[in-house]
Amino acid sequence: ITTLINHKDKPKRSDKTLQAIQRVGQAVNLAVGRFVTVGEAIANENHELKEEMSVACIEARRAGETIAQLTDVANLDHPESDSHITIFTDKTGVVKAARLLLSSVTKVLVLADRIVIKQIITSRNKVLATMEQLEKVSSFQEFVQIFSQFGNEMVEFAHLTGDRQNDLKDEKKKARMAASRAVLEKCTMMLLTASKTCLRHPDCESARINKDGVFHRMRLALEQVIEIVTDSRPNGESEMAPISIYSGIKEFKNKVEGLRENLYFLSKENLSTMLEVILEHTEDFTDSAYTSHEHREHILELSKQAKMELEQLVSVWMQAQNQKTKDLMEDLEVAILKTCQCMNELKREVHSAATSLAADLLKYHTDHMVLKALKVTGVEGNLEAVAEYTCKLSEQKEQLVEMCRLLRHVSGTEPLEITCIHAEDTFQVTGPQIISAAETLALHPSSKIAKENLEVFCEAWESQLSDMSLLLREINDVFEGRRGEKRVYLSLPRPGKHNANLKALKPVKLDTEEQAKIAKLGLELHLLTSDVDSETEKWEDQENEIVQHGQGMSSMAYSMYLFTRGEGLLKTTQDLFHQAEIFATEGTKLASALRTLSDQVHDDDKPLLLLEAEKLISMCKQLQITAKASAQGKSATFTKVDACILKTRNVMTLLCQLLPFCCKLLRKNKAGNGCLKPAPPWKEDRIRTGTNARTPERRVDTFGIKSLENHVTNMTFLESK
């Protein structure tokens, strides 16, 4: 559609141009036809929305046919003089048809989304109704029948929510959905053993408490899934996410750095309030019994320094508002850099405090001695020893909960913050459940089901501890500038290893004045990395060699941007120069991939693509020469840094133009070869409750489905005899 709307009139229209226009129009009409077929199938299966869906489908089909008619120009010798109306004689007709098409397609998508949401809500309601029956059941036989039904309903709910999680674009919502589904996965098995234990020992208070805790947690998780799916909260409450130190510092620094562009866009009171909030949150560290004395002292010192730096900044800022002299603006720049540097050091200190505590605790608790002791003393029926070890488990729980709270402050991204909150809740809830399960076993030491129940809860605890190790690694990755999974190409510079001349050079860092000079260039580089990331995400084939090299170059450019701020993995100028060399090498590989692509495209496009490839090679060679050139003295080193970042920026600018161009060529080439795959029928693509309905290519595995079904099938109740 964009191609047709943006088509420029030319006095001379070749047969090739006319055929291309007709081919585009036919492709649009064909795609709309397939889309509408699916929409109509959905309408027939959902009578309450059938009328709305049918109208939207009819509008879309009509718009697609109109576009096909207006672009039917290939066989016309003189389309302007012909009575037949075409894109050349009625451009407004194409625009109107395009608008109608986009509007009707959007309606179909919205209606289909409402149906999916309704399916999830209906599935949740089924699960809740069956849970109520399970809660009231009084015999094993009845429990087996109802739990079998419950298992099938949970399988269906797992498939539906798994698909929804895949479709969510908001990373925060995706993380919340993953957390809720993780709770449901573990609680489904807990519900089975806790209910069996309660049925086996109906007069046991600890068994009842254990079971009630599982049902309560499952209901909360089910409710959260519906909140995410419907984008609403009960009683119209707005979600108030706790602010972390990391996000607070990030926002504060953005405001401070914004003073470079505008001295009047915020008040000094706003900045002071923001800093106060950050320093209040640091009290979570300084007040914690688990923070080391050294970390506590450093955090307090940096908090005091941050207040002083802000006072100095405000003083210079107020003067600059009244009189914009060159000296005052330079003083302001220094004050901004000093304030940001202090906040970076504070962030680094709280990060070190949280991650070192987490690493120590996770290492200390890897042997699971308390859990093992609870199992042994429970089987022995030793109530005194069980009470002693439950106290130790409660202490361990408090340590781990505190660890999660501190990690949340330094997690770096909203999804990781949510994962920390989920981990905290898990330890908070699972601890008392293990205790009630252990007490039940101690009261009934010969009960196999009570022993099995304790095992299930202990496994959930151990699993969460294992997850914490992965979470800690991700938090460290974000802090060090690796930016999660997308940043797999970040090279670790090793000065002295790759270049014999480096050993003789003393690694140096940029001072605050040099950082100020290079800040604008660094910011431009940052914006370009965002643009490149945005372009690579548009590619259907994420495994394409061009995309892979583009992502790698963006990753390295981002680490160079962090260097200009005094952050990230590149600590010295030599680190930066080495990174620039690797960046240039990656660019050369990309140029090679462009040449390969040129062999696959039409002759008309080949010269331009080869020209761009040659331009990229030339720019990368220049960057490599600059990065390898020797530089003696502070001034020469800074000039070299400036040149490396400037040339990296130029390469990234070219990359921003190349990626959409290559993507367009691939699509054009694909369309020219008629590679249009038919859409799968709606019936085949629907959610099935059987396990065989899922394909191995699914991105999100449905939670515990196989193990749940096997458990339901093989369930025996020998204890009841």
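**Reading a predicted model, feature by feature**

Modeller: Let's open with a helix pair: α6 and α15 cross in a left-handed way. Keep in mind as we go that this is a predicted model.

Colleague: Okay, how should I read that pair? At roughly what angle do the axes of helix α6 and helix α15 cross?

Modeller: The axes of α6 (residues 171-200) and α15 (residues 448-479) come within 8 Å and cross at roughly 155°. That makes α6 roughly antiparallel to α15, because angles over 145 degrees count that way.

Colleague: And what about α8 and α9: how do their axes cross?

Modeller: Helix α8 covers residues 245-257 and helix α9 covers 268-286; their axes come within 10 Å, with a crossing of roughly 155°. So α8 and α9 are roughly antiparallel to each other. As for handedness, α8 passes α9 in a left-handed crossing.

Colleague: Cysteines next. How many disulfides does the structure hold?

Modeller: The general idea is that a disulfide is a covalent bond between the sulfur atoms of two cysteines. In this structure there are zero. Take C198: for this cysteine, the nearest cysteine sulfur belongs to C204 and is 7.8 Å away, and C198 is in no disulfide.

Colleague: Where do F147 and F150 sit in the helix?

Modeller: Both are in helix α5 (residues 140-167), three residues apart, so about one helical turn separates them. F147 is buried at 0% relative accessible area, and F150 counts as buried at 0% as well.

Colleague: What sits over the ring of F577?

Modeller: That's the charged end of K640, 4.0 Å from the ring centre.

Colleague: Backbone question: what is the phi of H368?

Modeller: As background, most residues other than glycine have a negative phi. H368 has a positive value, near 55°. You'll find H368 in the loop between α11 (326-364) and α12 (369-380), and its 19% relative accessibility makes it count as buried.

Colleague: Last one, on sequence versus space. How far apart are G566 and C340?

Modeller: In sequence, G566 and C340 are 226 residues apart; in space, the C-alpha to C-alpha distance is 9.8 Å. G566 belongs to the loop between α17 (545-564) and α18 (573-598), and at 32% relative accessibility G566 counts as partly exposed.

Terms used: Residues numbered from 1 in each chain as written. Predicted model: local features only at pLDDT ≥ 70, side-chain atom pairs only at ≥ 80, totals over all residues. Heavy atoms only, no water. Disulfide = S-S within 2.5 Å. Helix = DSSP H or I, 4+ residues; strand = E, 2+ residues; numbered from the N terminus. Buried < 20%, exposed > 50% of the residue type's maximum accessible area, 1.4 Å probe, protein only. Lys NZ or Arg CZ within 6 Å of the ring centre and 35° of its normal. Axes fitted to C-alpha atoms, helices over the stretch in contact; angles between N-to-C directions. Parallel < 35°, antiparallel > 145°, perpendicular 65-115°, else oblique. Left-handed = near helix turned anticlockwise from the far one by under 90°.
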